[in-house]
Amino acid sequence: MLFDIEHFSQFGTRLRDERKRLKLTQSQMAVIGGVSRGSQVLYEQSAHVPSMDYISRLVEQGVDFRYLVLGEHSPELGGRLCLDPNVLEKAMGLADQLCRDDRGHLLEAQIRHSVLKMILVAVAEKTEDQVEWGQVKAQIGARGFNAS
């Protein structure tokens, strides 16, 4: 099941796990992510969903992206998701584009997380020139998410 509120509620726990694995304080992780310590606390409590920019900054500093977003480690990759940085940026942009209501407001965090997860599953292990973005968008749209 791709839309799973219980899975989303564990995001904060996984974020905290990754912070501790990297031996960082909440303040240090906040600085890396470009947010306040208060925001970091809320993310770790699953009270707020961080921006794609925040997640991207953490991944650049060694956070296990697959574990953080999908909740699973990939042993054959040493626990790391192989994702071309350009693909990651476009995947995050597509998720933001698809997760807006008719007035252009972002949908609730659980839905955005679910859509990002669907996109990441579709593009994992591919380089930018291997991803057919139109097909990915159509796959997600077939599940009821359409860009405004």
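Which residues have the most contacts inside the largest nonpolar core? They are L15, I55, F65, V115, I119, W133 and V136, in a core of 34 residues. By nonpolar core I mean buried Ala, Val, Leu, Ile, Met, Phe, Trp, Tyr and Cys residues joined through side-chain atoms within 4.5 Å. Buried is under 20% relative accessible area, exposed is over 50%, partly exposed is in between, with a 1.4 Å probe and protein chains only. Two or more core residues come from each of α2 (11-21), α5 (52-60), α6 (65-70), α7 (85-98), α8 (109-123) and α9 (133-142). Helices are DSSP runs of H or I, at least four residues, numbered from the N terminus.

A word on the source. This is a predicted model, where local features need pLDDT of at least 70 and side-chain atom pairs need 80 or more, while totals for chains, interfaces and linings use all residues. Numbering runs from 1 along each chain as its sequence is written, and side-chain values use heavy atoms, without hydrogens or water.

Now confidence. pLDDT is the predictor's confidence per residue, from 0 to 100. The protein averages 78, and 80% of residues score at least 70. Helix α3 is highest, at a mean of 96, and α1 (residues 5-9) is lowest, at 54.

Back to W133. Beyond four places in sequence, W133 contacts V87, K90, A91, L94, I119, V123 and E128. Contact means heavy atoms within 4.5 Å.

Last, V35. V35 sits in the loop between α3 (26-33) and α4 (37-44). V35 counts as partly exposed because its relative accessibility is 23%. The C-alpha atoms of V35 and Y54 are 7.7 Å apart, across 19 residues of chain.
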